[in-house]
Amino acid sequence: MANKVSAKTKRFDYVDIARFYGIFLVYYGHVVERFMYLKIEAAALQYKYIYSFHMVLFFFLSGMVISEKTLKLSFVGFLKKKFKTRVIPYLFFNFILLVLSLFLQRDFPPFPLETVQDYFRTIGFTLIGVSIFNIPTWFIMALFAVELIHYFLNRFYKDGFRNKFFFIILFYFAGYYLNLNIQFISFEKIIGINYYLFHEAIIMFSFYLIGSSAIKCNHIKDLNFNKSLIYSLLGVLVIYFTYNLNQGPFRYLDAVVILLSGHGHIFWFPFTAIAGCMTIIYLARASISLKFFSFLGKNIITVYCFNGIFYHSFNGPFAVYMSNVMPMNYFNLTFVSTVFSILTMGLSIPFIFLFNKYCPQLIGKK
């Protein structure tokens with residue numbers, strides 16, 4: 001029994017560490033994004049590299065930690081659990097940014113928050129899953145939509161990979177062509193055809209299922225440090241040599257942007273995305289002893305949602321300031337973006353302890 005518990009703990013430790021690497025890429029990608037808008041070429045390349053896989057990674061990792069116990073709940077019980085662990089944290093962190101918007105100057109994205117009507121409009125968008133107050137939290141509602149799909153369909157593929165593979169292919173191609181031909185996201189009218197990112201959940205469901213299969217793979221479970229490190233370095237190269245082969249079609253930006261349903265090439269998008277997911281898994285396996293990374297990964301909701309404060313109010317001014325004081329070549333961009341990402345992530349740590357102690361129910365912990 002002890003060995004089983006130990007194996008289970010080890011399994012989830014490396015998934016948590018992978019989450020930490022993923023959330024660092026979110027912070028870093030949002031900083032680089034603001035340099036990209038200043039027409040810095042190195043930033044555009046780094047943005048496209050990171051975005052080729054980093055949000056797919058979170059759906060992949062969520063699939064790796066599916067709770068079989070949750071799937072056995074009644075539908076009402078399932079909804080109650082997901083309301084506590086998904087919807088409440090989503091609303092809580094958007095409420096925090098709503099309050100902060102009364103005191104902090106928001107410079108991005110350029111949605112007006114100047115009148116009472118603006119606030120009512122933005123609240124309306126937030127309630128349907130387009131989280132303008134705290135845009136990074138869109139992932140929480142998209143994940144809820146994916147989990148809802150899985151709850152209903154799990155019975156058809158839980159006993160074998162062949163059926164699961166069929167659903168992976170079916171939902172990938174269905175989701176790809178659906179989003180390619182229909183523009184779901186609209187920031188102009190609340191009543192439309194986008195609710196809780198269900199249109200994007202269709203395609204992300206495929207990566208969620210791939211993650212649920214990867215967790216059972218002995219190849220990952222049995223990796224030692226040396227192999228994990230070598231595979232992660234090879235994975236970095238695979239991403240490097242394939243991410244720019246994806247030349248679209250995209251939406252708004254010349255990169256994969258899941259929120260905007262911009263995926264690009266039907267083959268290169270999933271190839272690089274899966275390569276990126278496995279690279280982070282290998283890196284996490286190589287750093288399984290880093291317990292602090294695991295701790296941050298276990299508290300990913302707080303760290304992830306905290307990024308909205310900087311995304312909306314601080315990343316832009318920082319990018320403008322740094323661009324004025326030094327040339328933004330590849331090295332300087334990487335250095336300042338890394339330092340700023342680490343510092344802003346670090347500011348979330350006191351709030352992890354604060355929320356865990358005083359209001360865990362608001363961050364999905366109870």
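This is a predicted model: local features need pLDDT of at least 70, side-chain atom pairs count only at pLDDT 80 or more; totals for chains, interfaces and linings use all residues.
Residues are numbered from 1 along each chain as its sequence is written, and side-chain values use heavy atoms, with hydrogens and water left out.

So which residue does Asp16 meet in a salt bridge? It's Arg19, at 3.0 Å from N to O. A salt bridge here is a side-chain nitrogen of Lys or Arg within 4 Å of a carboxyl oxygen of Asp or Glu. Asp16 and Arg19 are three residues apart in helix H1, so about one helical turn separates them. Helices (H or I, at least four residues) and strands (E, at least two) are DSSP runs, numbered from the N terminus. Arg19 counts as buried too, because its relative accessible area is 19%.

Side chains of opposite charge can pair when their charged atoms come close. In this structure there are seven salt bridges. One of them brings together Asp13 and Lys291, 3.3 Å apart from N to O. That pair links distant parts of the chain, since Asp13 sits in helix H1 and Lys291 in helix H13, 278 residues apart. Asp13 is buried at 10% relative accessible area, whereas Lys291, at 52%, counts as exposed.

Another salt bridge joins Lys82 and Glu147, with 3.3 Å between the closest N and O atoms. Lys82 is in helix H5 and Glu147 in helix H7, so this pair ties together parts 65 residues apart in sequence. Both Lys82 and Glu147 are buried.

## The largest pocket

Now for the empty space. Rolling a probe the size of a water molecule over the atoms shows where empty space is left. On a 1 Å grid over the protein atoms alone, a cavity is a set of points where a 1.4 Å probe fits but cannot get out, while a pocket is an open set with protein on both sides within 12 Å along at least five of seven lines; lining residues have an atom within 4 Å of a point. Grid points are joined across faces, edges and corners, and a volume is the space filled by probe spheres set on the points.

The largest pocket has a volume of about 1100 Å³. Of its 37 lining residues, Arg19, Val65, Thr85, Arg86 and Glu147 lie nearest the centre. Which helix supplies the largest share of this lining? That's H5, with six residues. By class, the lining has 16 nonpolar, 10 polar and 11 charged residues. Here Ala, Val, Leu, Ile, Met, Phe, Trp, Tyr, Cys and Pro count as nonpolar, Asp, Glu, Lys and Arg as charged, and the others, Gly among them, as polar.

## The second largest pocket

The second largest pocket holds about 690 Å³ of space. It is lined by 32 residues, and Tyr21, Phe24, Leu25, Tyr28 and Leu283 lie nearest its centre. H11 gives the most to this lining, with six residues. What about charge? The lining divides into 25 nonpolar, seven polar and no charged residues.

## Closed cavities

The structure also holds four cavities of 30 Å³ or more. The largest cavity has a volume of about 60 Å³, and its lining includes Lys48, Tyr243 and Trp268. H12 gives the most to that lining, with three residues. In the second largest cavity there is about 50 Å³ of space, and the lining has six nonpolar, three polar and one charged residues.

## Inside and outside

Is Phe133 buried or exposed? It counts as buried, because its relative accessibility is 1%. Phe133 is found in the loop between helix H6 and H7, and its C-alpha is 7.8 Å from that of Phe95, 38 residues away in sequence. Glu41, in helix H2, counts as exposed at 63% relative accessibility.

Key:
Buried means under 20% relative accessible area, exposed over 50%, partly exposed in between (1.4 Å probe, protein chains only).
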